[in-house]
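Me: I would like to go through this model with you, a few points at a time. Please look at the entry below.

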Amino acid sequence: MSTYSTKKIAISAAVALLIASPAIAAALKVDAAKSTVNIVFKQMNVPVDAKFKKIAANIDYDSAKPEASKATVDIDVASFDLGDAEYNKEVLKKEWFNAAAFPKASFVSTSMKAGTAGKLDVTGKLSIKGKTVDVSFPLSVKKEGNSQVFDGSLPIKRLTFNIGEGEWKDTGMVADEVQIKFHVVTNP
């Protein structure tokens, strides 16, 4: 067999392997302008919607093999916005987020797997104000053009993370239940 034929067979085999290989997890770039992290809680039984303006995320997602996927998300606590400068200043204090000592909140996935209704079941570690807990939540993933869009909601108890210390532990004024809602748009 000639060297030319051997090279041709080797190249053909390599191309066939690449075509036949399933998609591998690939790092996606977060579109910060289109991504949001909001929280909803009740104050004096009235729903309050607030948002974090600065997030950073690293997402390696493989739609063919979601269990190989992983994600980390960091939230700049000082970017919390209740829509009022005085309230924003108040929640950064020690009794609430203690942003000086704990400038970021983070989530690190430990597993992702296919769930029901086309969603992923995500498990990981959520760290807020120096406290880390295991959490799980469903995550929807959809393709929009070249972008991947990840949407989810994670219920937490604020007192688990010591958010609202001292007189603010009273859940009659600010409820313990908080919903973290996120919409993360990524590009390849």
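Me: Are F137 and F182 buried or exposed?
Reply: F137 is buried, and F182 is buried too. Buried means under 20% relative accessible area, exposed over 50%, and partly exposed in between (1.4 Å probe, protein chains only). Please note that this is a predicted model, in which local features need pLDDT of at least 70 and side-chain atom pairs count only at pLDDT 80 or more, while totals for chains, interfaces and linings use all residues. Residues are numbered from 1 along each chain as its sequence is written, and side-chain values use heavy atoms, with hydrogens and water left out.

Me: How many aromatic pairs does the structure hold?
Reply: There are seven aromatic pairs. Rings of Phe, Tyr and Trp (its six-membered ring) pair if their centres lie within 6.5 Å; planes under 30 degrees apart count as stacked, over 60 as edge-to-face and the rest as tilted.

Me: Why is the pair of F80 and F97 edge-to-face?
Reply: The planes of the two rings, F80 and F97, stand at 65°, with the centres 5.2 Å apart, so the pair is edge-to-face.

Me: Which parts does that pair tie together?
Reply: F80 lies in strand β6 (residues 80–81) and F97 in the loop between α2 (85–91) and β7 (104–114), so the pair ties together parts that are 17 residues apart in sequence. Helices (H or I, at least four residues) and strands (E, at least two) are DSSP runs, numbered from the N terminus. F80 counts as buried because its relative accessibility is 4%, and F97 counts as buried at 10%.

Me: Which residues do ring pairs link into a cluster?
Reply: The cluster consists of F52, F80 and F97.

Me: Changing topic, where does D49 lie?
Reply: D49 is in strand β3 (residues 46–52). With 51% relative accessibility, D49 counts as exposed. Neighbours within four places in sequence aside, D49 is in contact (heavy atoms within 4.5 Å) with N38, I39 and V40. The C-alpha atoms of D49 and I39 are separated by 5.8 Å, although these residues are 10 apart along the chain.

Me: In which sense do β2 and β3 pair?
Reply: Strand β2 (residues 36–43) pairs with β3 in the antiparallel sense over seven bridges; two strands pair if DSSP finds at least two bridges between them. I39 stands opposite A50 of β3.

Me: What do β2 and β3 form, and which turn residue has a positive phi?
Reply: They form a hairpin with two residues between them, and M44 in the turn has a positive phi of about 50°.

Me: How many bridges join β3 to β6?
Reply: Two bridges join these antiparallel strands, and K51 has D81 in β6 as its bridge partner.
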